[in-house]
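Trainee: Could we go through the inside of this protein, starting from the model itself?

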Amino acid sequence: MRSYAVKELLAEQPIGEHVEVNGWVKTFRSNRFVALNDGSTIHNLQCVVDFEQFDEALLKQITTGAALKVTGTLVESQGRGQSVEIQASDIFVHGSADPESYPIQPKKHSLEFLREKAHLRVRTNTFSAVMRVRSALAFAIHQYFQQNGFYYMHAPIITGSDAEGAGEMFRVSTFEPGKEPLNDQGEVDYTQDFFGKETNLTVSGQLEAETYAMGLGKVYTFGPTFRAENSNTSRHLAEFWMIEPEMAFYDLDANMDLAEDFIKSILKYVLEHCQDDLEFLEKRLLDEEKSKPQNERSEMALIEKLRFIVDNNFKRVTYTEAIDILRNSKPNKKKKFQFPIDDWGADLQSEHERYLVEKHFKCPVILFDYPANIKAFYMRLNDDEKTVRAMDVLFPGIGEIVGGSQREERLEVLQQKIKELNIDDKELWWYLDLRRFGTAVHSGFGLGFERMVQFATGMGNIRDVIPYPRFPQNAEF
């Protein structure tokens, strides 16, 4: 006898066959109808139990959260809400769940409560849908790069360099707190530490990926990154995953072409393979929006928003053009922006980026050629010596989702920028070597995976799109 996943059984519907299915009880109604779910789909499978056929002690174990193996005949359902059901002939209880203490009861729970039960929240419809979409996105990302000639590169998690120059890094050390050895200057002597130098958890795999692109041509990383930023917003995590492709012989235009094609491809995959989950998440989002004031509601439903990205060409606009648009916009003139736009050189905020996408151009936007002084040291300086070959991809609802650039391939220019920013060039000797030995035009970008999952699922808080969120004062589970 074949054991089916619930998704398979509902798709194939082998009416009249004796089948077996395993899962967890969502509800047990009227001591007769078991709604079973194994995580393979948003939909439950109804199992009909003839209570006269089973021992009363067994039936008492069938409570919400219990794990069961049900065997029986698959038949067409006479009731509403499902097309098929199992007429149960045998039930085995893998594990019971005390109804008094099992926290995921069939009622509405707040997302805050479910974060406290992160080890069980994936049994809810919302989180099972989110995690299936997350899984599909991860597969689509690998598939895209593998089909387009990229090699998967594992960047180190422990590093001695700060790719972003932000300094907000988690230190890695084997020293006992309070007993660190000191050098003659009274500073911690890291030469006695495990790695013989000061090391941290990586904030980005970009610099290492660049080295491999300059030998393999096209590579990508997809791994965890860490930021010790004391931020408790709905957009920040201390541990998150990054996708970072790096390509030799790509200029900024080719980089923008790749980013647009890549984003469209992975969202198209989700639209084609996660329809049931997206429909559920869209309905959930619409119900949630009803409680918001009219001016705070999203202008597009979830699936419409994903199609908005897939079906529209991305508008390419220079930073300078964007500043002129924003400076002359009604929200800016009427002082509706929280951060007013006055002068060229301002670092754009989410509200500005969203205005460009949602109100002005009404399509996804790629901004490029940013002021050099608000971007990282490794971005290629333009001939005007004021701007760099940077680009950001802007989405509705969130603003920036991808950041990238053509990298500075000229040794002398890069050395000068490192000196001006007081970066220790001794720590980047290997990075500078790329410019000494066979330098070439090259580019890349970074996509925060959780930001993309958040966009694709409509979840309002980034802590709800990663299995176990890490943020200030919280490392539970």
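Predicted model: local features only at pLDDT ≥ 70, side-chain atom pairs only at ≥ 80, totals over all residues.

Trainee: Which classes of residue line the largest cavity?
Mentor: The space in this cavity is about 40 Å³. Its lining consists of R227, E229, S231, H236, L237, A238, F471 and P472. Sorted by class, these residues come to 4 nonpolar, 2 polar and 2 charged.

Trainee: Is T221 buried or exposed?
Mentor: T221 sits in strand β11, which covers residues 218-226. Not counting residues up to four places away in sequence, T221 touches Y152, M153, A155, G205, A209, M242, I243 and E244. The cut-off for burial is under 20% relative accessible area. Because the relative accessibility of T221 is 4%, T221 counts as buried.

Trainee: Which residues have the most contacts inside the largest nonpolar core?
Mentor: That core has 101 residues. One of its most connected members, L267, is in contact with L306, I309, V310, F395, M452, F455 and A456, leaving aside neighbours within four places in sequence. The residues with the most contacts inside the core are F262, I263, L267, M391, V393 and F395.

Trainee: How many residues are in the second, separate core?
Mentor: Members of this second core include V6, L9, V21 and L74. Its residue count is 25.

Note on methods. Residues numbered from 1 in each chain as written. Heavy atoms only, no water. 1 Å grid on protein atoms, 1.4 Å probe; cavity = no way out; pocket = protein on both sides within 12 Å on 5 of 7 lines; lining within 4 Å. Points joined across faces, edges and corners; volume = space filled by probe spheres on them. Nonpolar A, V, L, I, M, F, W, Y, C, P; charged D, E, K, R; others polar. Helix = DSSP H or I, 4+ residues; strand = E, 2+ residues; numbered from the N terminus. Buried < 20%, exposed > 50% of the residue type's maximum accessible area, 1.4 Å probe, protein only. Contact = heavy atoms within 4.5 Å. Core = buried A, V, L, I, M, F, W, Y, C linked by side-chain atoms within 4.5 Å.
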